[in-house]
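Hello,

Here is the structure I promised to pass on to you. Have a look at it first, and then read on for what turned up in it.

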Amino acid sequence: MRHGKKFNHLGRTAPHRAAMLSNMASSLILHKRIETTAAKAKELRKYIEPLITKSKDDSTHNRRIVFSYLQNKDSVKELFGIVSEKVANRPGGYTRIIKLANRLGDNAEMCLMELVDFNETLLAATAEKAVKTRRGRRSGAKKTEDTIEAAPVAEVPSAEVVEDETPAAETSEEKTEE
């Protein structure tokens with residue numbers, strides 16, 4: 001029985017699993033995105049996020065720890081150079097998993113795993129969204145006053161016409177009564 005066992009073995013022995021995760025992590029660091037199964041991506045997320053956190057503090061000790069996991073000089077250099085600069089102000093959540101269609105051969109759930117700060121098209125889309133502003137009632141007192149001031153200005157000509165007609169009608173009625 002597997003009561004309380006949360007570790008996904010991925011159908012592999014421990015050294016095979018460690019080598020596979022190391023290779024996938026190196027590929028993710030070097031290429032910034034990889035396509036894999038959903039189960040492997042979820043395990044890779046748990047494997048690589050602590051390594052990226054360690055890369056924020058560039059010390060010899062941290063480099064040696066990360067190298068013991070990755071076993072690839074190029075990916076360690078890339079991680080401590082380019083990747084750590086991009087994620088310096090991010091408190092966590094360095095990876096994104098995007099689900100794709102199932103694989104044809106065995107119907108496995110496929111996904112695209114990528115480093116969050118390296119998707120240029122998505123970053124450009126969020127920058128465009130940040131530029132747009134919307135006036136709403138819950139946005140604050142200052143914006144609410146702007147909307148209240150703007151509304152009467154638009155209604156002033158119609159209100160003046162109504163006011164002009166009403167006194168004229170009253171004065172004409174008063175004249176006929178007298």
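E43 sits in helix α2. In this predicted model, E43 counts as buried because its relative accessibility is 8%, and the cut-off for buried is under 20%. Apart from its neighbours within four places in sequence, E43 is in contact with F7, N8, L10 and L21.

The helix around it deserves a look too. Helix α2 covers residues 38-55, and its 18 residues should span 26 Å at 1.5 Å a residue; the end C-alpha atoms are 25 Å apart, which agrees. You will also find a kink of about 25° in α2, centred on R45. Besides E43, the buried residues of α2 include L44, Y47, I48 and L51. Among the elements covering the buried residues of α2 are α1 (14-31), β1 (33-37) and β3 (110-115).

Now to that last strand. All 6 of the 6 residues of β3 are buried, so β3 is largely enclosed by the rest of the structure. M110, L112 and E114 point one way from the strand, while C111, M113 and L115 point the other way. β3 runs antiparallel to β1, joined by 5 bridges, and I34 has M113 as its bridge partner. β2 and β3 are antiparallel as well, again with 5 bridges; here I98 stands opposite L112.

A word on confidence: the protein averages a pLDDT of 83, and 75% of the residues score at least 70. Where pLDDT is low, the predicted coordinates should not be read in detail.

Best wishes

Notes:
Residues numbered from 1 in each chain as written. Predicted model: local features only at pLDDT ≥ 70, side-chain atom pairs only at ≥ 80, totals over all residues. Heavy atoms only, no water. Helix = DSSP H or I, 4+ residues; strand = E, 2+ residues; numbered from the N terminus. Expected span 1.5 Å × (residues − 1). Bend = angle between axes of the 7 residues up to and from the residue. Buried < 20%, exposed > 50% of the residue type's maximum accessible area, 1.4 Å probe, protein only. Contact = heavy atoms within 4.5 Å. pLDDT = per-residue confidence, 0-100. Pairing = 2+ DSSP bridges.
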